[in-house]
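Visitor: I have a structure to look at and would welcome a guided walk through a few of its residues. Could you take me along?

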Amino acid sequence: MQFWFVSRGGELGIFDDEALTLDKLETINPVTAIAMKQMDTSNKSQLENQLAIEGGVPVRRTLLPYGKQLIDDEDRKAVDSVLRGDWLTTGPHVKAFEDAITDFTGAKHGVAVSTGTAALHAALHSVDIAPGDEVIVPAISFVATSNCVLYMGAKPVFADLQKEALNISPEEIQKKITPRTRAIVAVDFAGHPCDHDAIRAIAKQHSLTVVSDAAHSLGATYKGRNVGVLQDLTALSFHPVKHITTGEGGMVLSDDIEIDKRLRSFRHHGIDLDFHKRNHGQTWQYDVVTLGFNYRIPDINCALGTAQMQKLPGWLKRRREIAAAYAKALSDLDTIDVPTEQSGCESAWHLYVVRLNLDRLTVGRKEFFAALRAENIGVNVHYIPIPWMSYYHSLGYRPGDWPVAEAEYERMISLPIFPAMTDQDVDDVVAAVKKVSNAYRSRTNP
Ligand SMILES: *Cc1c(COP(=O)(O)O)cnc(C)c1O
């Protein structure tokens, strides 16, 4: 039960005490109790419509994050059993987790590593990206997408996006190809697959490798095929906001046994893993054949990942339900555009990115965002264009070269979406978006 009150100072608020009655309140604060009795319902609805950022009552009492992991007893049991066993790091659970992911995606090989960033680094290393090479990446993504190109001493070349799905545009890729281009890292932004066939065709024509950065899209499908088998290499992330988690973790998927061997060596210091097999384990010798890293993922984390995989189908279904509920409730608003799926594509709905129609609003994205946060909706923005970052500025990148990405960035807001969200949480987000949209909607036609 909620109690509305007016304090001595004349401020409006609500009581937290579930057991509070008007009689009890009278003994604590008679002034408030009298004011409450006088308050009529029209007063209350006025209060509800007032934006929290302007002193009104927030739609929710507690902050709803934009994304969050879901850990259950099965997950805890799986981790606990590893802690009771003989291996903490590379052991049977790494292999079991790799199998769980390849079974789900249909990829032939999977190499589990310590993070999604390590997966991208390993993928580019496995195809010998080197100084002097150029790798085409989207102008908007998480910074790991292009940092991994720099790790190899190569040059990230940012391409503009398609306006609809906010994915890298095949036409823009084409424009960026030079004799130095060696690869493309294509991100399935927000979980929506890129135009993979078009990208593949360009890559084939110019003999380029395509790395699918599928950190957002485990479980998405493109023309009926799973993300994970669409390009030469696929990188996944198991960070807690992603579809399933290992705490930190990542994986590289491929169909090529030689590439798979290189990836396994790279995650283990560049050590030749066939050495011991050839010598039947009867020697202390080992050889380092490339400059690798320690990118191993512990058995502890992989046991969690395998347990999480059991739940992935149900969680994808829940993400789709939430996206459908948002689309149903919000697509009539002329102040925002909701995301849609392109034909032949099924998004994995990692993010739900709406775009503001700024010419129909009296405020900018910054104010709209702050108003939603004040309503206790944990909105976010994914992502600031990578070439705008200070470090990239120091490398010579300048704003202004990616008109679609840069214009769309100014309109983007990510609404919460994660499987543990309740229907009430979804309703709260809808109510808050409608409340803020209504308060800031321009009354004159643009
Ligand atoms: C999360 C993410 C990564 C990196 O994953 P980590 O596991 O956090 O290292 C790479 N690319 C994209 C698009 C991501 O969202």
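Guide: Gladly; here are some questions and answers on a model that is predicted.

Visitor: Is V210 buried, partly exposed or exposed?
Guide: V210 sits in strand β7, which covers residues 209-213. A residue counts as buried once 20 or more other C-beta atoms lie within 10 Å of its own. V210 has 23 such atoms, so the class is buried.

Visitor: How far is V210 from R200 in space, C-alpha to C-alpha?
Guide: R200 is among the residues in contact with V210, a list that also includes I199 and A203. In sequence, V210 and R200 are 10 residues apart. Their C-alpha atoms are separated in space by 7.2 Å.

Visitor: Is A190 buried or exposed?
Guide: A190 belongs to the loop between β6 (181-187) and α9 (196-206). Its phi is positive, near 65°, though A190 is not a glycine. With 24 other C-beta atoms within 10 Å, A190 is therefore buried.

Visitor: What is omega for the peptide bond from H382 to Y383?
Guide: Y383 is in the loop between α14 (365-374) and α15 (390-394). The peptide bond leading from H382 into Y383 is cis, and its omega is near -5°.

Note on methods: Residues numbered from 1 in each chain as written. Predicted model: local features only at pLDDT ≥ 70, side-chain atom pairs only at ≥ 80, totals over all residues. Helix = DSSP H or I, 4+ residues; strand = E, 2+ residues; numbered from the N terminus. Buried ≥ 20, exposed ≤ 12 C-beta atoms within 10 Å, placed from the backbone. Contact = placed C-beta atoms within 7 Å. Lists of a residue's contacts leave out its neighbours within four places in sequence.
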